[in-house]
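Me: Got a new model open here. Can we walk through a few spots together?
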Amino acid sequence: MSFKELFEMQATLNARIVDEHQLHNEDLYEKRLLALLVELGELANETRCFKYWSLKPPSSYEVILEEYVDGLHFLLSVGLDLGIKDMEDAESYHRENLTDQFLCLYQRIGQLQGKKDISLFRSLFSEFIGLGDLLGFSEETIIEGYYEKNRINHQRQDEGY
């Protein structure tokens, strides 16, 4: 699977946000890492995979997909900050369960703090794709979900979000 088009779409959205919010002189790398962590937490919350104390089921497939592609937006942004424009050779790597996968992703993101390391990013990307696999998302579903959320993100910018 090639992610070139998604990286290009994300670069366009990022440039728009930087222009419209006058962020040309800011390094947004650390903020994007934190945003990725927050989105990952929101996704974990919707899956409820760690809520051993609750009988409430996970959120709907659509809600979980939306949270996943929210994270993908920031993952792509971090990659762009590292000069990456495609991840066509990315493999899916996942643990046995969602809890372990989320913890691994948190750890990998933490390793990138203050360190723009392409090999760490490649591992993070593969593990994020693995999370999608564990959640039951096909490549087509992820791409379609990204397109839709990217459209919404542009619309939000139009509306002064």
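Me: Let's start with H73. Which residues does H73 touch, leaving out those up to four places away in sequence?
Reply: H73 touches Q10, L13, Y146, K149, N150 and N153. Keep in mind that this is a predicted model.

Me: Where does H73 sit, and is H73 buried or exposed?
Reply: H73 is in helix α3, residues 61–81. H73 is buried, because its relative accessible area is 3% and the cut-off for buried is under 20%.

Me: Which elements give two or more residues to the lining of the largest pocket?
Reply: Helices α1, α2, α3 and α6 do, with α6 covering 139–158.

Me: And which residues lie nearest its centre?
Reply: I17, A35, F74, Q157 and Y161.

Me: How do the lining residues divide by type?
Reply: Evenly: 7 are nonpolar, 7 polar and 7 charged.

Me: Now α5. What should its 17 residues span, and how far apart are its end C-alpha atoms?
Reply: Helix α5 runs over residues 118–134.

Me: Which residues of α5 are buried?
Reply: L120, F121, L124, F125, S126, E127, F128, I129, G130, L131 and G132.

Me: What do those buried residues pack against?
Reply: Four helices: α1, α2 (29–47), α3 and α4 (98–112).

Me: What about G136, after α5?
Reply: G136 has a positive phi, near 85°.

Me: Which residues other than glycine have a positive phi?
Reply: Q22 is one of them, with phi near 50°. R48 is another, with phi near 60°.

Me: Where are Q22 and R48?
Reply: Both are in loops. Q22 lies between α1 and α2. R48 lies between α2 and α3.

Me: Buried or exposed, for Q22 and R48?
Reply: Q22 counts as exposed, because its relative accessibility is 68% and exposed means over 50%. R48 counts as buried, at 16%.

Me: Last one, E8. Where is E8?
Reply: E8 is in helix α1, residues 4–20. At 43% relative accessibility, E8 counts as partly exposed.

Me: How far is the C-alpha of E8 from that of K85?
Reply: They are separated by 7.2 Å, with E8 and K85 77 residues apart along the chain.

Note on methods: Residues numbered from 1 in each chain as written. Predicted model: local features only at pLDDT ≥ 70, side-chain atom pairs only at ≥ 80, totals over all residues. Heavy atoms only, no water. Buried < 20%, exposed > 50% of the residue type's maximum accessible area, 1.4 Å probe, protein only. Contact = heavy atoms within 4.5 Å. Expected span 1.5 Å × (residues − 1). 1 Å grid on protein atoms, 1.4 Å probe; cavity = no way out; pocket = protein on both sides within 12 Å on 5 of 7 lines; lining within 4 Å. Nonpolar A, V, L, I, M, F, W, Y, C, P; charged D, E, K, R; others polar.
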